[in-house]
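Hello,

Here is the structure for you to look at. Some notes on what was found in it follow below.

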Amino acid sequence: MPLLEGKKALIFGVANHRSIAWAIAQALAREGAQLVLTYQERMEKYVRDLAAKIPGTEVIPCDVQSDTDLDSAFAKAGELLNGRLDILVHCVAFAPANELENPFLQTTREGFHTALDISAYSLVAMARRAEPLMKEHGGSVLALTYMASERVMPKYNVMAVAKAALECSVRYLAYEMGEHNIRVNAISAGPLNTLAARGVSGLTGFREQVAHVAPLRRNIEQSEVGDTALFLSSDLARAITGEIMFVDAGYNIMGA
């Protein structure tokens with residue numbers, strides 16, 4: 001029997017075919033999950049085209065900075081999934097381009113607020129709305145983070161602060177939602193050529209460094225993050241919560 005037979009998943013953050021969220025969607029669908037994907041207005045065509053590749057996949061609009069949109073998205077997802085949600089995937093992150101290019105010291109109040117709101121608070125907002133759909137039977141909440149939350153990665157700037165807040169949120173949510181058998185984890189992926197990553201200068205050079213230094217002597221692929229998400233979303237990971245799981249060919253263990 002497929003690992004996720006009968007499971008229902010709501011995924012935020014698909015932008016195009018290179019998105020980690022799309023790799024996760026493919027992995028979950030491969031093992032039997034029914035999917036609902038959300039989209040930003042400007043990404044609607046890309047998301048609809050991708051959703052069409054997985055039979056039965058529904059799409060709904062959502063701006064994660066809008067409580068009204070989030071309320072509507074979860075209400076609609078509840079209808080589409082017959083009142084049940086087993087898996088929530090948060091692959092949402094954003095900071096204004098100038099906040100990544102300028103020195104961190106020059107981070108603006110508005111840029112800080114935007115990065116933390118979209119990249120970290122949205123997980124809390126989603127989890128709160130997911131809980132009523134999960135609490136009867138348990139579930140899995142999954143987010144994406146990056147090791148810049150722990151180490152200085154030049155040009156990542158305020159996004160690093162947002163990822164640190166996201167990881168702390170994962171732990172607090174795991175504690176509070178655990179009584180309902182809802183697990184909350186995050187994947188810290190190595191550098192990938194995604195739409196979001198291309199907003200950080202120096203990506204190509206860093207990927208070359210990772211391939212040289214990482215114990216596995218290579219970069220990762222989107223599908224490897226998808227497979228890890230599949231594991232964390234399945235009953236195989238039923239005793240794992242509040243964790244940050246690295247999928248980076250071992251780069252995080254190295255000193256340089």
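Which residue of β4 does A9 stand opposite? A9 stands opposite I87.

This is a predicted model, in which local features need pLDDT of at least 70 and side-chain atom pairs count only at pLDDT 80 or more, while totals for chains, interfaces and linings use all residues. Residues are numbered from 1 along each chain as its sequence is written, and side-chain values use heavy atoms, with hydrogens and water left out.

Helices (H or I, at least four residues) and strands (E, at least two) are DSSP runs, numbered from the N terminus. Two strands pair if DSSP finds at least two bridges between them. β1 (residues 8-12) and β4 (residues 87-90) pair in the parallel sense over four bridges. β1 is also joined to β2 (residues 34-39) by four bridges, and these two strands run parallel. The bridge partner of K8 in β2 is Q34. Between β1 and β2 the chain passes through α1 (residues 20-30), and this β-α-β crossover is right-handed (with the strands pointing away from the viewer, the path from the first strand over the helix to the second runs clockwise).

Buried means under 20% relative accessible area, exposed over 50%, and partly exposed in between (1.4 Å probe, protein chains only). In β1, five of five residues are buried. K8, L10 and F12 point one way, A9 and I11 the other. In a regular strand the side chains alternate between the two faces of the sheet.

In α7 (residues 203-213), the buried residues are L203, F206, V210 and V213. Seen down the helix axis, they fall within an arc of 100° (taken from the directions from the axis to the C-beta atoms), so they line one face of α7. The face turned away from this buried side carries the exposed residues T204, E208 and H212.

Regards
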